[in-house]
Amino acid sequence: MSKYLVLLSHAFLLAFLLASSHGLLKWVSVQSHSNYMQLMLEQWRYVLLSLAIYGLVFFYYILVLRSSPVSTLYPVYTGLSVLLVLIIGRFVFSEVITVYQLAGASFILAGIVLMGRTG
């Protein structure tokens, strides 16, 4: 397997975990509540799970950086995160995706491909 495919695999896992954490926080935010304190008291388990996933991403990222160039890994992983959050928003939360968002997502995807060719 090429070095870029290994980097891409790590970047995708990082992005998936980060996007999942964002999706979980979005889910918490739309739960019925009368005020912020009630929301936190009722949904604290999910908030902690989301924070735990963030922590896992942080430590996994450090591990992957040992064998990957940050100049390639970071843009690819963050770009994939944006794309996955867009997909979660659309298919899990029925958010509308605009033409501008699709254009932006296309540019991000093109950037990821270009980073792979030059990385």
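Q: Before we start, what counts as a helix here?
A: Helices are DSSP runs of H or I with at least four residues, numbered from the N terminus. This is a predicted model, where local features need pLDDT of at least 70, side-chain atom pairs count only at pLDDT 80 or more, and totals for chains, interfaces and linings use all residues. Residues are numbered from 1 along each chain as its sequence is written, and side-chain values use heavy atoms, leaving out hydrogens and water.

Q: Thanks! Which helix gives the largest share of the lining of the largest pocket?
A: That is helix α1 (residues 3–29), with five residues. A pocket is an open set of points on a 1 Å grid over the protein atoms alone where a 1.4 Å probe fits, with protein on both sides within 12 Å along at least five of seven lines; lining residues have an atom within 4 Å of a point.

Q: And which residues lie nearest its centre?
A: K3, Y4, L7, S67 and P69, out of ten lining residues.

Q: Switching topic, how many salt bridges are there?
A: One, counting a side-chain nitrogen of Lys or Arg within 4 Å of a carboxyl oxygen of Asp or Glu. E95 pairs with K26, and their closest N and O atoms are 3.5 Å apart.

Q: Where do those two sit?
A: E95 is in the loop between α3 (70–91) and α4 (99–118) and K26 is in helix α1, so the pair ties together parts 69 residues apart in sequence.

Q: What do the buried residues of α1 pack against?
A: They pack against α2 (36–65) and α3, with buried meaning under 20% relative accessible area (1.4 Å probe, protein chains only) and contact meaning heavy atoms within 4.5 Å. Among them are L7, L14 and V28.

Definitions and conventions. Buried means under 20% relative accessible area, exposed over 50%, partly exposed in between (1.4 Å probe, protein chains only).
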